[in-house]
Amino acid sequence: MQVIAIGTLELILATGFIFVSGGLALCFQLGLTRSLIIATLRTYAQLLALGLVLNWIFQIDNQWLVLAIFALMMLIAAQTVVSRLGLWTPRIVIGSLAGVVLSAVTVTFAVTALLIQVEPWYEARYVLPIAGMVVGNAMNGIALSQERLLEGFQARRGEVLLRLSLGATAWEASLPLIQGSFRAGMIPTLNAMATVGLVSIPGMMTGQVLAGVEPMTGAAYQIVVMLMLSCATALGSIICMVISYRHAFDDQQRLVK
Amino acid sequence: MTPEAAARGRGLTAHQIALRLSDGQRPSFTLTELNLSLAAGELLLLQGLSGCGKSTLLQALARLIPLQTGGLYLDGLAAAGIPPSSWRTRVSLLHAEPLLVDGSLADNLLLPWRFKALQHLAPPPPEDLREGLAALGLDDAHLQADIRGFSSGQTARITLLRNLLMRPAFLLLDEPAANLDPESAQRVWRLLEAQRSQTGCGMICVSHHRRGLAPDRVLRLRNGRLKEG
């Protein structure tokens, strides 16, 4: 099947959509016109730049370049998690970095090397899009669960103190909070898995179908993607929390934060 | 009292401890050069004005708050030589605000046995739980009942029973009879007295009320210092 390419003219015509939303924003005096213009310009600039960069990377096809980009993605994701939490303490930073790196590396290469069996193992066309999805989802799961855990130490301080008073270690006292936060981090992924294909055709499958791939092949890829994302979210969240929960305690197992 | 003497002594000892609390939420105050010793089986009543630091002192003795200086000793052993979780099963703190966790009454009474520090001790059998509940006037309470159905007064008695079931060497009681009716308060004092005589448990009790309580000593905390009488 021939793929219908989108050219410059079509891209320019597509701005018509933004005139519709911009017109509505003006009509209803939403004060969003400036934001819409900036967002549109950013969409064009960022995605065209990404296309050019990926084109360049696919042509070079160098393992070190692929690994360097993968590492950069993970660093930015960990930095985003810590910024969102607003806590630059060693345990939070190490926990976030370890959560992102361990989950992303494990899941990405489990998919590319074991499941899809990409040849060579660093084939950028496969490794980078999959890594991008894994890192993005792990980042969101980690941020959500970690946020919930830190809030829990404030909101349920009395319960943690009670458990400590009854002989619990810092881990035992934190376990109910960790369980609740883990659950919170997993809920968006579980919801997505429950509704996938019913409410909408997911992004990756849509892209593949539009690019001319058989729907069943697209569906198979999407199944792998959904399962790998749930694994990355779970792994990233729990690794991060296991390392960072001690942030709330001192070395004498006292709740200090 | 030198640290050596404190270390030689039996019981729970605080030697020259000082601590300062100021976290923006609670009033800031300082406890200075405070000495305290509690023998096995002894009942010490700790009194003082609200906000003078009684609860903080109990939390410090349970090693839930760091000391600025001084040391704690348990039967001659410095606190540094005893893991915090193990210390807290032997020096058990009953918080002023009674708190139960989600689950049944039995889940709450046996909560400490979920933690490693108490796993060397067999959990009390259901008949012991029922006996304890009956002694506190909670004869009708079912062990499998959801804790959300209990009143604040019942909750207070359940939390006390949970601490007693751990059979600690020392019990730090922060207002155990607050908000209890006179009859329930009398039951609490009687049960504490029974535990003291049967197990030799030493107790520090913070309470604004003395009726029905027969302490061996009374200490007053004022301006960060302890005074007898």
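**Exercise 1. Which strand of chain B is joined to strand β1 by bridges, how many bridges are there, and do the two run parallel or antiparallel?**

Solution. This is a predicted model.
- Step 1: locate strand β1, residues 12–21 of chain B.
- Step 2: find its partner, strand β4, residues 69–74 of chain B.
- Step 3: count the bridges. Five join β1 to β4.
- Step 4: read the direction. The two strands run antiparallel.
- Step 5: check one pair. B:Ala14 has B:Leu72 in β4(B) as its bridge partner.

**Exercise 2. Follow β4(B) to strand β5 of chain B and describe the turn**.

Solution. 
- Step 1: strand β5 covers residues 77–78 of chain B.
- Step 2: two bridges link β4(B) with β5, and these strands are antiparallel.
- Step 3: take one pair. Opposite B:Tyr73 stands B:Ala78 in β5(B).
- Step 4: β4(B) and β5(B) make a hairpin, with two residues between them.
- Step 5: look at the backbone in the turn. B:Asp75 has a positive phi of about 50 degrees.

**Exercise 3. What is the strand order of the open sheet of six strands in chain B?**

Solution. 
- Step 1: write the order, β6-β7-β8-β3-β9-β10.
- Step 2: note the pairing, which is mixed.
- Step 3: pick out the edges. They are β6 (91–94) and β10 (225–228) of chain B, and each pairs on one side only.
- Step 4: zoom in on one pairing. Strand β7 (residues 170–174) and strand β8 (residues 202–206) of chain B run parallel, joined by five bridges.
- Step 5: find a partner in it. B:Asp174 is bridged to B:Val206 in β8(B).

**Exercise 4. Describe the secondary structure and overall dimensions of chain A**.

Solution. 
- Step 1: count the elements. Chain A has nine helices and zero strands.
- Step 2: read them from the N terminus: α-α-α-α-α-α-α-α-α.
- Step 3: Along the principal axes, the C-alpha atoms of chain A fill roughly 70 × 55 × 35 Å.
- Step 4: state the burial. Of the 257 residues in chain A, 31% are buried.
- Step 5: turn to contacts with a separation of 6 or more. In chain A, 71% of them link residues 24 or more positions apart.

**Exercise 5. Where do the domains of chain A lie, and how do they touch?**

Solution. 
- Step 1: The domain assignment gives domain 1 (1–60) and domain 2 (62–248) of chain A.
- Step 2: take the spacing. The C-alpha centres of these two domains of chain A lie 28 Å apart.
- Step 3: count the contact residues. Domain 1 of chain A gives five, and domain 2 of chain A gives eight.
- Step 4: sort the domain 1 side. Its residues divide into five nonpolar, no polar and no charged.

**Exercise 6. What confidence scores come with the model?**

Solution. 
- Step 1: take the overall scores. The model has ipTM 0.92 and pTM 0.86.
- Step 2: turn to chain B. Its mean pLDDT is 90, and 93% of its residues reach 70 or more.

Methods. Residues are numbered from 1 along each chain as its sequence is written. Chains are lettered from A and ligands numbered from 1 in the order in which they are written. This is a predicted model: local features need pLDDT of at least 70, side-chain atom pairs count only at pLDDT 80 or more; totals for chains, interfaces and linings use all residues. Domain bounds come from an automatic or database domain assignment. Two residues are in contact if their C-beta atoms, placed from the backbone, lie within 7 Å. Ala, Val, Leu, Ile, Met, Phe, Trp, Tyr, Cys and Pro count as nonpolar, Asp, Glu, Lys and Arg as charged, and the others, Gly among them, as polar. pLDDT is the predictor's confidence in each residue, from 0 to 100. Helices (H or I, at least four residues) and strands (E, at least two) are DSSP runs, numbered from the N terminus. A residue is buried if 20 or more other C-beta atoms lie within 10 Å of its own, exposed if 12 or fewer, and partly exposed in between; C-beta atoms are placed from the backbone. Two strands pair if DSSP finds at least two bridges between them.
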